[in-house]
Each structure stands twice: as C-alpha cells, then as structure tokens.
Amino acid sequence: MRQVEPSVELLAKPSIDWESMRTYLDEVGGTSWAERVEEADSPDAEDIVEFSGRMCYRSWEPGLNPNVSRVRTDSSQYLGNVIKSQHGSVLEHANFTFVLHNVSRVLTHELIRHRAGSAFSQESLRYVRLADIPFWFPEWAREDSELMERSLKVLDTLEEHQKWMTEHFELDEASTKFSHKKHMTSFMRRFAPEGLATGIVYTANLRSLRHVIEMRTAKGAEEEIRLVFNKIGEAMLKEAPAVFSDYEVVDGEWIPGTRKA
C-alpha cells in the first residue's frame with residue numbers, strides 16, 4: 001500500500017483557427033471584432049464563447065443587425081453579461097480536458113453522474129492488474145493513529161491477496177494467454193476497495209464545469225471531490241477568467257454570482 005495525493009492536470013483546451021474565422025467574418029461583416037479580440041490576446045475559450053454569443057444577434061459590429069442599437073466592445077463586459085443573463089448555451093462550445101490522477105473510485109462514481117456535456121475515459125481494472133493499492137487518506141484520518149494502523153492492516157491484507165492471486169492464476173507465466181489474464185484480472189478487481197486510487201480523463205464544457213464546480217465544492221460535498229474541484233476551479237479561473245470572475249470562494253466553496261448559466 002502506498003499513500004497518494006489526488007492531482008489535476010489540464011490536457012487540452014480550445015484553440016481557434018483564426019484564418020477560418022476571418023474567412024467567415026470577412027463575408028458576413030465582423031472583421032473589426034476579430035482584429036480587436038486577436039490583439040487583446042484573450043483566451044481562445046473566451047473568444048469562441050463570445051463569437052458564438054455574437055452569432056445569435058449578429059452583433060460583431062454596429063450596423064450588421066438593425067435591431068441592435070448598441071454593441072459592447074469590451075469582451076470581459078460582454079462575457080459578464082452572458083453569465084448574468086444566463087445565456088448558458090454559448091458556454092457549451094468551449095471544452096476542456098483534464099486528467100485526474102490518484103483519485104478514488106468513490107470520486108469517479110460521483111463524477112460520472114455529471115454526464116451532460118461531459119466525456120469520461122477511466123482506467124479499467126478488467127485489463128489493468130493491480131500491483132499495489134494506492135490510497136488517499138484525508139488529513140483528519142492521518143492524525144488518528146489507531147484508525148491509520150487498522151486501515152493500513154486492511155489494505156496490506158488486500159494487497160497481499162492481489163499478489164497471491166497473481167501467482168495462483170499464473171498470470172506472469174510466459175505461456176498464459178491474454179484472455180485468461182483478462183478473465184482473472186476481472187475477478188481480482190472485486191477485492192479492490194472503492195478508495196483505490198485510479199485515473200480518469202474528464203472532458204467538460206464551460207457550462208457543465210460551472211455547474212459541477214459549484215455542486216462539488218459545496219460544504220456538504222464529499223471531501224475528496226471538494227479537493228479536486230477546488231483545483232479544477234483554480235485552473236478554470238486562470239484559463240477563462242471572464243467566465244469565472246463572478247465566483248466568490250469561501251472556505252473552499254465556489255459560490256457563483258449567477259446561477260443556472
């Protein structure tokens with residue numbers, strides 16, 4: 001058994017093909033918007049949201065839509081109004097992909113409930129055989145010596161059983177077929193605790209991320225998922241500050257200024 005800490009890494013984020021965008025805007029009108037936004041060097045995630053929002057009203061420039069008398073030219077103000085007016089559909093155009101490392105299956109079972117606007121690819125214990133049992137303990141548990149002693153004994157026993165089954169099923173023998181390995185590995189995972197640390201790739205759009213960050217950092221949320229979504233919240237505040245600037249963080253709880261965006 002080895003103790004681990006959950007971690008979050010951002011793997012992918014929106015990237016705009018500005019040449020293609022300009023081709024479109026040259027035809028419909030809106031090149032001045034593209035020039036202004038490109039020069040500002042704002043995050044592409046924010047730019048694609050703004051582009052999508054302006055598509056709805058053809059509001060890249062004054063005069064393109066006679067029904068629009070005023071066009072906001074400050075992107076941060078524009079995006080702030082998108083959030084305030086709960087025009088959440090345009091947030092769905094920007095997707096971010098994270099790898100969550102050393103998170104438990106307790107966490108992943110809760111995370112995949114947020115499937116709308118999301119995608120998940122998790123390490124499969126039907127194929128990945130356990131060599132040890134990585135495990136995260138919250139700080140309060142680590143301070144309880146008797147609890148740790150008993151818990152570590154349980155985990156050591158489970159880990160030893162994994163090693164025994166590997167030998168018993170002859171999984172490391174050169175002659176052992178993969179089909180047999182898969183079958184036995186699938187059985188062996190039944191003796192892995194839900195707290196086992198694993199990995200999952202998580203992709204979500206901005207609308208979904210706003211919702212899940214609020215839900216999973218709330219005071220009543222499970223402590224490990226609160227820890228992880230605090231990290232995700234911090235990453236998103238850096239990657240799309242105009243979209244997340246309405247949040248107030250109080251004791252690890254991310255409270256949005258506008259809900260149901």
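Which side chain meets that of Asp246 in a salt bridge? In this predicted model, the partner is Arg210, and the N to O distance is 2.9 Å. Asp246 sits in the loop between α11 (241–244) and β7 (248–250), while Arg210 belongs to helix α9, so the pair ties together parts that are 36 residues apart in sequence. The two partners can also be described by their accessibility. Arg210 is buried, at a relative accessible area of 4%. Asp246 has a relative accessibility of 23% and therefore counts as partly exposed, the cut-off for buried being under 20%.

Let me place this pair in context.

Arg216 forms a salt bridge with Glu110, and their closest N and O atoms are 3.1 Å apart. Arg216 lies in helix α9 (residues 206–216) and Glu110 in helix α5 (residues 105–111), so this pair ties together parts that are 106 residues apart in sequence. Are these two residues buried or exposed? Arg216 counts as buried, at 13% relative accessibility, and Glu110 is buried as well, with a relative accessible area of 15%.

Arg142 counts as partly exposed because its relative accessibility is 39%. Glu5, with a relative accessible area of 41%, is also partly exposed.

I turn now to another link across the sequence. Where is Lys231 found? Lys231 is part of helix α10 (residues 223–239). Lys231 and Ser7 are separated by 224 residues in sequence, yet their C-alpha atoms are 8.0 Å apart in space. Once neighbours within four places in sequence are set aside, Lys231 is in contact with Pro6 and Val8. With 33% relative accessibility, Lys231 counts as partly exposed.

Next, the packing of helices. Two packed helices are described by the angle between their axes and the distance between the axes. For helix α1 (residues 18–28) and helix α2 (residues 31–40), the angle is about 150 degrees and the axes are 8 Å apart. The two helices are therefore roughly antiparallel to each other, a term that applies to angles over 145 degrees. Which residues of α1 meet α2? They are Trp18, Met21, Arg22, Leu25 and Asp26, and on the α2 side they meet Thr31, Trp33, Ala34, Glu35, Val37 and Glu38.

Finally, the surface. Which residues make the nonpolar patch of about 310 Å²? Tyr127, Val128 and Phe178 make this patch. Val128 is located in the loop between β4 (118–122) and β5 (134–135). Val128 counts as partly exposed because its relative accessibility is 34%.

To return to the opening question, the partner of Asp246 is Arg210, a buried residue with a relative accessible area of 4%.

Note on methods
Residues numbered from 1 in each chain as written. Predicted model: local features only at pLDDT ≥ 70, side-chain atom pairs only at ≥ 80, totals over all residues. Heavy atoms only, no water. Patch = residues over 30% accessible without salt bridge, like charges linked within 9 Å, V, L, I, M, F, W, Y side chains within 5 Å. Areas by Shrake-Rupley, 256 points an atom, 1.4 Å probe, with all protein chains shown as cover. Salt bridge = Lys/Arg side-chain N within 4 Å of Asp/Glu carboxyl O. Helix = DSSP H or I, 4+ residues; strand = E, 2+ residues; numbered from the N terminus. Buried < 20%, exposed > 50% of the residue type's maximum accessible area, 1.4 Å probe, protein only. Contact = heavy atoms within 4.5 Å. Axes fitted to C-alpha atoms, helices over the stretch in contact; angles between N-to-C directions. Parallel < 35°, antiparallel > 145°, perpendicular 65-115°, else oblique.
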